[in-house]
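Take a look at the structure below. This report goes through its helices, their contacts and their charged pairs.

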Amino acid sequence: MRSEPRTLLAKLCDRDKVTYRRFDKRFNETGVRLFGNSPTNPTCGETQFRRWTGGKLTGLPGPETCHVLEAMWPGHTAAQLFAASPADDPQVPAFDLEERVQMTAREAHDGADATAAASISDNTIDELRDQVVSLARRYHGLPAARAYEAADILRREIERHRDRTQVPFQQQTLMILNGQTAALLAVAAFDLGYFPSARTLARTAAGGAGCGRR
């Protein structure tokens with residue numbers, strides 16, 4: 001019989017179906033976003049990940065590591081993430097069916113469209129634009145932490161597609177969408193009380209919007 005996760009971090013990883021490989025990728029990407037591409041960025045090996053999720057950590061990791069984890073799961077402090085989690089934690093809402101279906105649809109689309117071509121389909125850009133508009137419309141009905149996470153997932157998806165096209169018009173359109181997503185992230189960060197990050201994201205959003213006026 002499978003035992004209950006011993007930390008809130010473990011429970012969040014179970015909820016979001018985050019394996020070590022996915023955790024490591026997301027951890028590194030978040031570190032680069034926060035601190036730039038530096039060899040001194042915090043890392044997490046698989047053994048360390050097992051200790052973190054298994055409740056075997058004494059004290060907390062370094063401040064940079066804590067900052068990365070708090071950015072990965074907005075709304076939770078590092079102390080909360082490493083604390084034992086009750087079986088029924090109201091702070092850990094399960095994804096609803098609609099979100100799970102949307103995630104599956106995005107993953108399936110990525111798999112079907114994963115080619116090394118120098119451009120992407122117009123349908124892909126239309127779908128990304130629809131997702132940005134949909135999230136903006138739903139924002140005020142979502143908890144700020146969940147809205148931030150949804151916007152950050154969308155931001156990474158847009159950036160991934162930017163890397164796959166060399167068509168100037170598509171690049172420009174994706175930069176505009178990226179700016180709009182950054183605006184949603186700025187609002188969510190402000191609502192969560194992360195004011196310096198909110199200002200940084202707002203400047204990023206303004207830069208993305210400026211691309212559309214050139």
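At what angle do helix 2 and helix 8 pack, and how far apart are their axes? The angle is about 90 degrees, and the axes are 13 Å apart. That makes helix 2 roughly perpendicular to helix 8. The model is a predicted one.

## The chain as a whole

The protein chain has 214 residues, and 40% of them count as buried. It holds 10 helices and zero strands. Read from the N terminus, the elements run α-α-α-α-α-α-α-α-α-α.

Take the contacts in the protein chain with a separation of 6 or more: residues 24 or more positions apart account for 70% of them.

## Helix 2 against helix 8

Helix 2 covers residues 20-35, and helix 8 covers residues 144-162. Their packing angle is about 90 degrees. Helix 2 brings Arg26, Glu29 and Arg33 to the contact. Helix 8 brings Tyr148, Glu149, Asp152, Arg155 and Arg156. By class, this contact has seven charged residues, one nonpolar residue and no polar ones.

Side chains of opposite charge can pair when their charged atoms come close. Glu149 and Arg26 form such a bridge, with their closest N and O atoms 2.6 Å apart. Glu149 sits in helix 8 and Arg26 in helix 2, so the bridge links distant parts of the chain, 123 residues apart. Both Glu149 and Arg26 are buried.

## Helix 8 against helix 9

Two packed helices are described by the angle between their axes and the distance between the axes. Helix 9 covers residues 168-191. Its axis and that of helix 8 come within 9 Å and cross at roughly 160 degrees. Helix 8 and helix 9 are therefore roughly antiparallel to each other. The crossing of helix 8 past helix 9 is left-handed.

Which residues make this contact? From helix 8, they include Ala144, Tyr148, Ala151, Leu154, Ile158 and Arg162. From helix 9, they include Gln171, Leu174, Met175, Leu177, Thr181, Leu184 and Ala188. By class, the contact of helix 8 with helix 9 has 12 nonpolar, four polar and five charged residues.

## A closer look at Gln171

Gln171 is found in helix 9. Is Gln171 buried or partly exposed? Gln171 has a relative accessible area of 21%. Buried means under 20%, so Gln171 counts as partly exposed.

Set aside the neighbours of Gln171 within four places in sequence. Gln171 is then in contact with Arg162 and Thr165. Between Gln171 and Glu159, the C-alpha to C-alpha distance is 9.8 Å, and the two are 12 residues apart in sequence.

## More salt bridges

How many salt bridges does a search of the whole structure find? The search finds 10. One of them joins Asp16 and Arg15, at 2.6 Å from N to O. Asp16 and Arg15 are both buried.

Another salt bridge joins Arg155 and Asp152, at 2.8 Å from N to O. Both residues lie in helix 8, three residues apart, about one turn of the helix. An α-helix has 3.6 residues a turn, so residues three or four places apart point the same way. Arg155 is buried, as is Asp152. Both belong to a network of salt bridges, which also links Lys25, Glu29, Arg33, Arg156 and Glu159.

Helix 1 covers residues 8-15. Seven of its eight residues are buried, so helix 1 is largely enclosed by the rest of the structure. The buried residues are Leu8, Leu9, Ala10, Lys11, Leu12, Cys13 and Arg15. Just after helix 1, Lys17 takes a positive phi of about 55 degrees.

Helix 4 covers residues 63-72. Its residues Thr65, Cys66, Val68, Leu69, Ala71 and Met72 are buried. What do the buried residues of helix 4 pack against? Their partners are helix 2, helix 3 (46-53), helix 5 (78-82) and helix 8.

Methods
Residues are numbered from 1 along each chain as its sequence is written. This is a predicted model: local features need pLDDT of at least 70, side-chain atom pairs count only at pLDDT 80 or more; totals for chains, interfaces and linings use all residues. Side-chain values use heavy atoms; hydrogens and water are left out. Axes are lines fitted to C-alpha atoms, for helices over the stretch in contact, and angles run from 0 to 180 degrees between N-to-C directions. Helices (H or I, at least four residues) and strands (E, at least two) are DSSP runs, numbered from the N terminus. Angles under 35 degrees count as roughly parallel, over 145 as roughly antiparallel, 65 to 115 as roughly perpendicular and the rest as oblique. Contact means heavy atoms within 4.5 Å. Ala, Val, Leu, Ile, Met, Phe, Trp, Tyr, Cys and Pro count as nonpolar, Asp, Glu, Lys and Arg as charged, and the others, Gly among them, as polar. A crossing is left-handed if the near helix is turned anticlockwise from the far one by less than a right angle, and right-handed if clockwise. A salt bridge is a side-chain nitrogen of Lys or Arg within 4 Å of a carboxyl oxygen of Asp or Glu. Buried means under 20% relative accessible area, exposed over 50%, partly exposed in between (1.4 Å probe, protein chains only).
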